[in-house]
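Here is a note for a colleague who is meeting this structure for the first time. Please keep the view open while going through the numbered points.

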Amino acid sequence: MSNKRVYSSLTKKYVMSLMGLFLITFLFVHLGLNLSVLKDLGSGDYPTFNEAAHFMATNPFIQVFQWVLFAAFLIHIIFGLILQFQNWASRPKGYKVKGSAEENIFSQYMIHTGIVIFIFLVIHFVNFFMVSKGIIPGIQHVKINGEEMENLGKVIVDVFHNGYYVTFYVLALLLLGFHLDHGFQSAFQSLGLQNKKYGPFIKGLGHVVAIVLALGFIIIPLVIYFTK
Amino acid sequence: MKKLDSKIPEGPLAQKWKNYKDHQNLVNPANKRKIDIIVVGTGLAGASAAASLGELGFNVKVFCIQDSPRRAHSIAAQGGINAAKNYPNDGDSVYRLFYDTIKGGDYRSREANVYRLAEVSNNIIDQCVAQGVPFAREYGGLLTNRSFGGALVSRTFYARGQTGQQLLLGAYGALSKEIKRGHVVMYTRREMMDLVMINGRARGIITRNLVTGELERHAAHAVLLASGGYGNVYFLSTNAMNSNGSAAWKAYKRGAFFANPSFVQIHPTCIPVHGDYQSKLTLMSESLRNDGRIWVPKKKEDAEKIRKGELKPTQIPEEDRDYYLERRYPAFGNLVPRDVASRAAKERCDAGYGVGPTGLAVYLDFADAIKRLGRDVIEARYGNLFQMYEKITDDNPYETPMMIYPAIHYTMGGLWVDYELMSTIPGLFVAGEANFSDHGANRLGASALMQGLSDGYFVLPYTMQNYLADQITVPRFKTNLPEFDEVEKDVKEHIAKLKAVNGKEPVDYFHRKLGRIMWDKVGMARNEKGLKEAIEEIRELRKDFWKNVKVPGDVNGLNVELEKALRVADFLELGELMAIDALHRNESCGGHFREEYQTPEGEAKRDDEHYMYVAAWEFKGDDKEPELHKEPLKYENIEVKQRNYKTA
Amino acid sequence: MDLKLKIWRQNGPDDKGKFVDYEIKNISTDASFLEMLDILNNELIEKGEEPVAFDHDCREGICGMCSLYINGHPHGPDAATTTCQLHMRRFKDGDTIVVEPWRAKPFPIVKDLIVDRSAFDEIIQAGGYISVNTGGVPDANTIPINKGKADLAMDAAACIGCGACVAACKNASAMLFVSAKVSQFALLPQGRIEAKERVKKMVAKMDELGFGNCTNTYACEAECPKEISVTNIARMNREFFAAKVSS
């Protein structure tokens, strides 16, 4: 059987890495935006957050970029799945005693954390994006600085008053942290941007990125839930 | 009596090889395509020959017993490869390398062959560097050298402690390149079972597919054996477990003469034997003798206490240590040739000064070197060897001296070949350790790699062509010829007979017994009585083997015990020939030490008047005495002297 | 010491195979792992059973012939050690040792613990060499090579081609093996000349043979008996990228 591949394994890894790193930069922007909801907590109309969200939703550049982002997610997911299927196929029969020599334990579970994150993304998409676009009805409007806009801040706060949802959210974001902890430095390795000298720095930076993003996102629902 | 014609070219020594090449016959490129060559073995000699012959355009079929050509035992050579580059500016030259090799071989090798070896040694280094072999370098980016036993210059190129590995991988790369080009076809997990001759010429082989058990026929215009040495006849040796002498032995039984079978090299720096379940011995590179000092206690009572574990080597004060090599051989010190170092160790241990639980060990001490150069330098030079030593013995050689003892390492003897590396069977060439050609009665360190690659890269592509030049009109042979039928039938019957014994004892039982006889009586020191006993004992053991060996499993399929049994059956015959050869040679020379023939100081005493010849044995039939043929050795360019490593 | 062994037995490539339990007594702690198996095999032969087939040759840790996946580790639990250099003092009296063959689609089982690793040869044949013929090469000292680079090339060249990296990798990826050869030649001026072609051909062959993809878990480096570094993989990723965008 010929295994000639359309893209070589390395090319697929480059794409995975570039998409992954791109998504990480997006997550930082997203986190900055989300944190602003805490600023006006209790105000009911969340001016800082809503204004920023409104800017994002109306800026033509961002609107175009949003599709790039979707594409990046999609490619990262599809390539990830293809690679994983190939990986499973390359060892049809496994070991009785499983090995455990991986440097980073999370590296074994990228597909698992990835799948949970994907499920989370779908729910997230339904809860926020589709609501904000009015595809799912229920969004209220507020007037900030004389401009009428969606009160997305309230949507968030309302959702985070649900204990089950908060629990799910926290767990999913923890897994995202695990995913990134391996993923960040792995991207550099796949792109060949790693050597003995600055390799350890990249790995350290990967831990920092993972912790900052995961904790940053997790803090928001916790604060909202416990201050309701 | 058939006369042995060594076919040494005319002319002064330094011109012989050039003259040969200038006047030899060649095969034109279009005709090379029509010629098939079989190469058995993928070590340095086999892989380099197959690659080079493939490059020339011949059709080459290569066979190896392992799962990949990269695993041949050349890979285990540690220390280095000699060449007369004189990069260090320390006075080396082609002549000096030639001289050292002849002298190191105790004047039992052929001048013309050795000179050619020294001549092409430089080309080997160039070739390997071009292949990407990562030799050790100086900070300025140029190649560096180390010194080895038996030489007063530094001429050994090395790649850490893995020179053999790197050279073999270079040759394996060249071989892979030719496989890709389609000029070489590789057959792995195949063992040569016998040689097929048609009208007196070597024309093919029968192989056994070690996975399916099938017997396969392969025909060619010429056959090259590069199947290595037969050190495993001793059971315990530094050879790989699967190294064997069967290919050469089958050729011997088909008419190729076997030369100097008793010349085996005992390597002085091996890890001592530690138990009776032991399967093999591990070599510690000779390069260790550059910085390590060899000693035993001066006082017998100290040695006894060490053996009982009451005293540690580090507790013996400097003045109570006997650095016996430095004492006996001031000029060469710890770097005397291997045979001299090995015998000196045996002498001390036999006299009761040996250390280790068995008393069969001496110390190799790095304390001085570590003090002088620092631990870092020693680690950079020998780190992997120290690590290996610690893994095996559980002792840390940075803190306590290593223990070493001689072990069987290399066989200088092998199939007799002429200057063209062709055996007495026309069309059967023999290369590397499998032939007897260049090392006389003792091989110098870092010379095996040199010889293997010299044969494969630079000698055989010329000499085989000379032979094949008049074969271009000979059409490809069919493998359904009666000659093939007959040999395959022989092989089949041999296997069936072995399987049918169905006795009680596993093969290893006999192999171990044979090894014991060989080590005790045909080993480091031999005498007439012992050799005569050995011959009798081997004959007895052989009878016992054919009555009591048990080969389980199916012959049609992967059957490791069958493979072992076939090889041991041959060793049981070869061992006898070794003893016969050792018994007939009433002198001591190089690795062959007859206790009756030694100087008052215990050095080997040659008898140049009666034994300055190559002993080539002809097979006369099972249970018949082999016939001795002598190739006299003439030294025209070198003064034959008593070997002296006491003064330069 | 006395031990319990659980060894994979499989009569041929098409046989289903199963684990068989053995007990073995009075093993010296100084014996090597393979010597322990030799003893077991001789006992089996004396009992009239078929011995366990396993690959081995030099028993010095350099030929790369030995394999065995022992208690979850290729070449057993010791770091930087091949199976043939693994000694029984590493185990405790009464231990149960599970011995499995390398498991990877490109390494089909031949018998018991023996697998077919010719896929590695095929990868080398695809381009793992410098295309020079015998003769006609320049003097060895014509091109000086930076010592640091030569040392790095040697580090990579130390690979023994045993396949432990593939066996250890959860994806059965051959990246460490391939990258070691690519790196060795990429670091040397002699090898640079055809570096781009080499890396492309070797990677394509590796993919074609069905090895998995690298997910940078670095299990290969941890289990490699010669401690080949994963920085070689990074170097190969670089080389491949440069080769793809420039030609």
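1. How many salt bridges are counted between domain 1 of chain B and domain 2 of chain B? The count is zero salt bridges between domain 1 of chain B and domain 2 of chain B, a salt bridge being a side-chain nitrogen of Lys or Arg within 4 Å of a carboxyl oxygen of Asp or Glu. Between domain 1 of chain B and domain 2 of chain B there are, however, 14 residue pairs in polar contact (both at pLDDT 80 or more). A polar contact is a pair of N or O atoms within 3.5 Å; within protein, one must be able to donate a hydrogen and the other to accept it, and residues adjacent in sequence count only if both atoms are side-chain atoms.

2. On the basis of the note: this is a predicted model, in which local features need pLDDT of at least 70 and side-chain atom pairs count only at pLDDT 80 or more, while totals for chains, interfaces and linings use all residues. Residues are numbered from 1 along each chain, chains are lettered from A in the order in which they are written, and side-chain values use heavy atoms, with hydrogens and water left out.

3. On confidence, the model scores ipTM 0.98 and pTM 0.96. Chain C has a mean pLDDT of 97, with 100% of its residues at 70 or more, where pLDDT is the predictor's confidence in each residue, from 0 to 100.

4. On the domains of chain B, the assignment gives domain 1 (36-266 + 410-471), domain 2 (269-408) and domain 3 (482-613), with bounds that come from an automatic or database domain assignment. The C-alpha centres of domain 1 of chain B and domain 2 of chain B lie 31 Å apart, and 29 residues of domain 1 of chain B are in contact with 26 residues of domain 2 of chain B, contact meaning heavy atoms within 4.5 Å. The area buried between these two domains of chain B is about 2400 Å², of which carbon and sulfur atoms give 57%; buried area is the accessible area (1.4 Å probe) that two parts lose on being put together, summed over both. B:Gln78, B:Leu236 and B:Ile266 supply 26% of the area that domain 1 of chain B buries against domain 2 of chain B, more than any other three residues.

5. On the chain pairs, chains B and C share the most contacts of the two pairs of chains in contact, whereas no contact joins chain A and chain B, whose closest C-alpha atoms lie 18 Å apart. Between chain C and chain A, 48 residues of chain C are in contact with 41 residues of chain A, and the area buried there is about 3700 Å². Across the interface of chain C and chain A the rule finds zero salt bridges but 30 residue pairs in polar contact (both at pLDDT 80 or more).

6. On the domains of chain C, the division is into domain 1 (3-100) and domain 2 (117-246), whose centres, taken over C-alpha atoms, are separated by 30 Å. The area buried between domain 1 of chain C and domain 2 of chain C is about 960 Å², and C:Gly64, C:Pro74 and C:Ala80 supply 43% of the area that domain 1 of chain C buries against domain 2 of chain C, more than any other three residues. The count between these two domains of chain C is one salt bridge; the side chains of C:Asp55 and C:Arg117 meet in a salt bridge at 3.5 Å, N to O.
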